[in-house]
Amino acid sequence: GLAFYYICYNMGLVTLTSAEASIISATAPVITSVMVYFVYKERINLIGWISIVAAFAGVAIMMLWNGVFSIKVGAFWILGMSVLFSIYCVLNRKLAEKGHNSVEIVAYSAIFATLLMSPVTPTTIRQLAACDMPAILSAIYLALFTTAIALILWAKAIDLSEKTSEVSNYMFVTPLLSTVMGFLMIHEVPDLPTFLGGGIIIASVVVFSLKGSPQETL
């Protein structure tokens, strides 16, 4: 849920812009909903299934726009990350149902992630010693705010919600924020496939969040 998730994410960013990565990662709510459909029997109607297909069609547009031989490998890493995060959400809900609070869930996840990542500790220490202060502050920010605090809030939200999909659907906001911040902070300008495929993905996720999980199936 944490260790391999972040490995996939960082590997994905080697060949993708932050906007591209965040848009592809927006498929996570859809993947989560498919998983909880089988695990918790949370219903998905016809509109929901059409939205799922459309979302992955948007991913395909982003990946194949410039030809099958120019596929960015990072897209597969980000899709893998989305699957891992979806599994994390489902397991998170199971743990919450067993009485574990959000801080406990994140703490145990972080402990096991630390153990899994421990083989690279010597290399990390050497690289950290060579970093300048802005890089160190960035690492602290990533660890504290975007990991620890964010995951605690995420686990708490899942604990309070009736359905896992009610929380995961909010991830469709991430691509918009990432695109804006990528443009402002590192001057990334989205290309046509990003706008087209990304628009389809976001529209599909929004439709899914509004119409994909009714009380009665269609």
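Leaving aside residues up to four places away in sequence, Ser-51 touches Ser-204, Val-207 and Phe-208. This is a predicted model, and in it Ser-51 sits in helix 4, which runs over residues 46-64. With a relative accessibility of 5%, Ser-51 counts as buried, because the cut-off for that label is under 20%. Its side chain also reaches back to the backbone oxygen of Ile-47, at 2.8 Å.

Just past the end of helix 3, Lys-41 takes a positive phi of about 60°.

The largest pocket holds about 2,400 Å³ of space. It is lined by 50 residues, and Tyr-6, Tyr-9, Leu-142, Thr-146 and Thr-147 come closest to its centre. Helix 8 (133-160) gives the most to this lining, with 14 residues. By class, the lining splits into 36 nonpolar and 14 polar residues, with no charged ones.

The second largest pocket has about 250 Å³ of space. Of its 15 lining residues, those closest to the centre are Gly-1, Tyr-88, Leu-91, Leu-95 and Ser-109. Helices 1, 5 and 6 each give two or more residues to the lining, and helix 6 gives the most, with 6. Here the lining has 12 nonpolar and 3 polar residues, and again no charged ones.

Methods:
Residues numbered from 1 in each chain as written. Predicted model: local features only at pLDDT ≥ 70, side-chain atom pairs only at ≥ 80, totals over all residues. Heavy atoms only, no water. Helix = DSSP H or I, 4+ residues; strand = E, 2+ residues; numbered from the N terminus. Buried < 20%, exposed > 50% of the residue type's maximum accessible area, 1.4 Å probe, protein only. Polar contact = N/O pair within 3.5 Å; in protein donor to acceptor, adjacent residues only side chain to side chain. Contact = heavy atoms within 4.5 Å. 1 Å grid on protein atoms, 1.4 Å probe; cavity = no way out; pocket = protein on both sides within 12 Å on 5 of 7 lines; lining within 4 Å. Points joined across faces, edges and corners; volume = space filled by probe spheres on them. Nonpolar A, V, L, I, M, F, W, Y, C, P; charged D, E, K, R; others polar.
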